[in-house]
Amino acid sequence: MSTLYPQNNASRTMLDLGGIWDFRFQGDEQWQTIAVPASYNDQDPDPRFRNYAGIVEYRRKITIPSAWKGLRVCLRFDAVAHDARILLDGKEIAKHRGGFLPFEAELDGLLNPGETAELTVEADNRINHSTLPIGTEGENSFFGSDNPGIQAVEAGKRLQDERGINRPAFDFYNYTGIQRPVRLVATPVRHIRDITVVPSVSGEIRYTVETTGTEGTVTVEVLDAEGNVAASGKGREGTLRIPEPKLWEPWPGTPTLYTARVRYGEDLYEQPFGIREVRVEGTRFLINGKPFRFHGPCKHEDSPFHGRGTDPCLNVTDIHLYHWLNANCFRTSHYPYAEEMYQLCDREGIVIVDETPAVGMWASEQYGWNLADYHRQVLLDMIERDKNHPCVVMWSLGNEPDTETYPDKAYAYWQPLYETAHRADPQNRPVTVVGCQNRYERDRVICSMDVVLINRYYGWYNLSGDLEAARYAFRMELDWWEKQHKPVILSEYGADTIAGLHGAVPEMFTEEYQVAFYEAINECLDEREFVIGEMPWNFADFATCQGPMRVGGNRKGLFTRDRRPKMAAHYFRGRWGKLYEKDEVRQ
Ligand code: GCB
């Protein structure tokens with residue numbers, strides 16, 4: 001499958017199919033209106049839109065323009081959550097598993113230029129032990145609030161199962177539907193299928209171009225930021241040399257971008273890339289040979305109205321708020337984001353840790369669920385999609401699996417994925433998997449990664465409200481990590497905070513406590529050289545499933561859900577601003 005992002009240029013055309021579509025729950029008679037792209041869940045006050053577990057149907061007419069005669073035409077879905085089935089005039093033309101990566105449906109021979117057909121998209125939001133992210137099947141709910149074993153509670157759960165219910169094993173609302181753009185795409189019949197660029201800071205650019213046929217010449221020109229030709233060559237693979245290359249540097253440096261303009265027969269594709277190298281050396285993470293410190297909150301794709309739907313205005317606003325915060329990175333917790341976000345971060349110099357949707361794997365039985373092949377495929381597809389982005393500096397295999405109950409089984413599961421990622425990535429970026437608050441001394445997985453990413457909630461879920469004890473305990477754990485001689489990033493830490501709730505005494509849920517919590521934990525981080533990053537949880541408040549521990553969602557945001565800064569946002573803006581001042585690397 002080609003994963004090249006659709007382009008409008010002298011050879012290629014795309015038609016965006018966003019707008020108002022028909023929508024219904026499968027089995028219903030009536031159709032109603034729904035906006036695409038967006039999650040459907042918040043678009044109607046009917047509780048079914050929030051609670052339904054099953055297949056929904058989207059419908060609209062599509063017409064291939066007559067002017068597209070003689071071209072190859074396909075439908076490109078940037079993502080449909082979670083599983084999708086595509087039908088044209090009632091006939092299945094494509095299927096896809098997983099809700100966060102793109103796929104295509106060929107239309108050649110099915111619909112000719114000038115013709116119209118009915119397009120139906122079936123989207124299935126059910127989650128279980130064979131989906132990523134994971135839904136629980138019978139075991140306790142995410143927050144363990146089910147009082148297992150009580151006869152009446154168990155009977156209630158059986159009733160829920162009969163009605164059909166999703167039980168997310170993860171702490172974000174299970175937004176679904178056609179959440180990212182859908183486009184009709186036209187390319188020449190003989191076309192460019194894929195482009196891989198591997199730059200080095202010396203200015204040497206290795207490239208590979210995959211085409212539909214083996215005949216015909218491929219030419220490549222590298223354009224600099226001003227559009228001047230900096231290097232050129234011929235052939236499906238080769239090495240080009242850019243004299244005096246300008247590097248892609250993370251913010252506040254200059255994230256210079258180049259473009260590989262590739263021609264093959266009638267086809268043309270312009271692939272942006274940046275010249276930068278990433279490497280782990282001892283306990284340091286180097287970008288272009290300079291030590292890099294990660295500081296920026298983790299994110300979600302989440303906002304009012306759109307849910308998880310792609311919204312360019314929201315993305316731009318968020319990244320501008322990252323600049324305002326003096327932040328330089330985020331992790332795509334807990335799934336690959338829309339491609340437009342990576343393109344934006346390439347331009348804005350924001351560094352990304354790119355994560356698969358393997359979240360909810362906290363049950364020790366997970367290693368018997370036959371997930372490994374599917375997980376591997378998702379990982380490969382993510383790397384294939386995102387391999388050329390300079391903003392992506394590390395792959396995350398997943399979030400918070402159980403690695404302590406059966407350490408050997410866990411190692412046997414995660415180690416092959418680690419190796420797969422290294423083999424598949426032409427740029428050979430560092431690889432990690434994010435560790436849960438656990439009995440770290442039993443773990444074999446997290447410490448075998450290139451960089452140790454640990455989520456810790458000392459002072460929140462543990463030692464709640466007691467920041468002195470939190471500091472004491474966290475320091476003890478950090479002593480242990482120091483002996484592992486790996487770079488460590490605190491990849492989540494945070495406190496639920498109700499914006500506007502204040503207290504002279506900084507107690508949990510007040511804005512004062514959120515600041516005091518971060519001050520206390522950051523004090524411990526600042527003492528350790530091997531800690532190379534801090535990623536507060538979370539950038540903004542976000543929607544979750546209902547539960548006794550969530551008051552209208554997860555409130556650990558530095559910003560509210562509508563992006564108003566809490567006191568902690570001002571605190572980090574000051575803290576990270578000072579880091580730049582004293583960090584000789586960033587002068
Ligand atoms: C975690 C999870 C994240 C949750 C967070 C929390 O460890 O990785 O998905 O939202 O904790 O707030 O509980």
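## A buried pair in a predicted model

Asp-78 is buried, and so is Arg-76, where buried means a relative accessible area under 20%, exposed means over 50% and partly exposed lies in between, as found with a 1.4 Å probe on protein chains only. The side chains of these two residues, Asp-78 and Arg-76, meet in a salt bridge with an N to O distance of 2.6 Å, a salt bridge being a side-chain nitrogen of Lys or Arg within 4 Å of a carboxyl oxygen of Asp or Glu. Both residues also belong to a network of salt bridges that links Arg-76, Asp-78, Arg-183, Glu-339 and Glu-340.

The structure is a predicted model, in which local features need pLDDT of at least 70 and side-chain atom pairs count only at pLDDT 80 or more, while totals for chains, interfaces and linings use all residues. Residues are numbered from 1 along each chain as its sequence is written, and side-chain values use heavy atoms, with hydrogens and water left out.

## Other salt bridges

A search of the whole structure finds 49 salt bridges, and two further examples can be followed here. In one of them, the side chains of Asp-124 and Arg-126 meet with 2.9 Å from N to O; Asp-124 counts as buried because its relative accessibility is 16%, whereas Arg-126, at 39%, counts as partly exposed.

In another, Glu-270 forms a salt bridge with Arg-261, and their closest N and O atoms are 2.9 Å apart. Glu-270 has a relative accessible area of 25% and is therefore partly exposed, and Arg-261, with 23% relative accessibility, counts as partly exposed too.

## Helices α5 and α6

Helix α5 (residues 372–386) packs against helix α6 (residues 407–424) at an angle of about 25°, and their axes are 10 Å apart. Because of that angle, α5 is roughly parallel to α6, given that angles under 35 degrees count as roughly parallel, over 145 as roughly antiparallel, 65 to 115 as roughly perpendicular and the rest as oblique. Axes are lines fitted to C-alpha atoms, for helices over the stretch in contact, and angles run from 0 to 180 degrees between N-to-C directions; the helices themselves are DSSP runs (H or I) of at least four residues, numbered from the N terminus.

On the α5 side, Ala-372, His-375, Arg-376, Leu-379, Leu-380 and Ile-383 take part, and they meet Tyr-413, Trp-414, Leu-417, Thr-420, Ala-421 and Ala-424 in α6, contact meaning heavy atoms within 4.5 Å. The residues of this contact of α5 with α6 divide into nine nonpolar, two polar and one charged, where Ala, Val, Leu, Ile, Met, Phe, Trp, Tyr, Cys and Pro count as nonpolar, Asp, Glu, Lys and Arg as charged, and the others, Gly among them, as polar.

## Helices α7 and α8

The axes of helix α7 (residues 467–482) and helix α8 (residues 511–526) come within 9 Å and cross at roughly 30°, so α7 and α8 are roughly parallel to each other. From α7, the contact involves Leu-467, Arg-471, Phe-474, Arg-475 and Leu-478, and the residues of α8 that take part include Tyr-513, Phe-517 and Glu-523. The residues of the contact of α7 with α8 divide into ten nonpolar, no polar and three charged.

## Trp-576 in helix α9

Trp-576 is found in helix α9 (residues 567–582), and it counts as buried because its relative accessibility is 0%. Apart from its neighbours within four places in sequence, Trp-576 is in contact with His-295, Gly-296, Pro-297, Leu-325, Asn-326, Ala-327, Glu-534 and Pro-536.

Note on methods. Helices (H or I, at least four residues) and strands (E, at least two) are DSSP runs, numbered from the N terminus.
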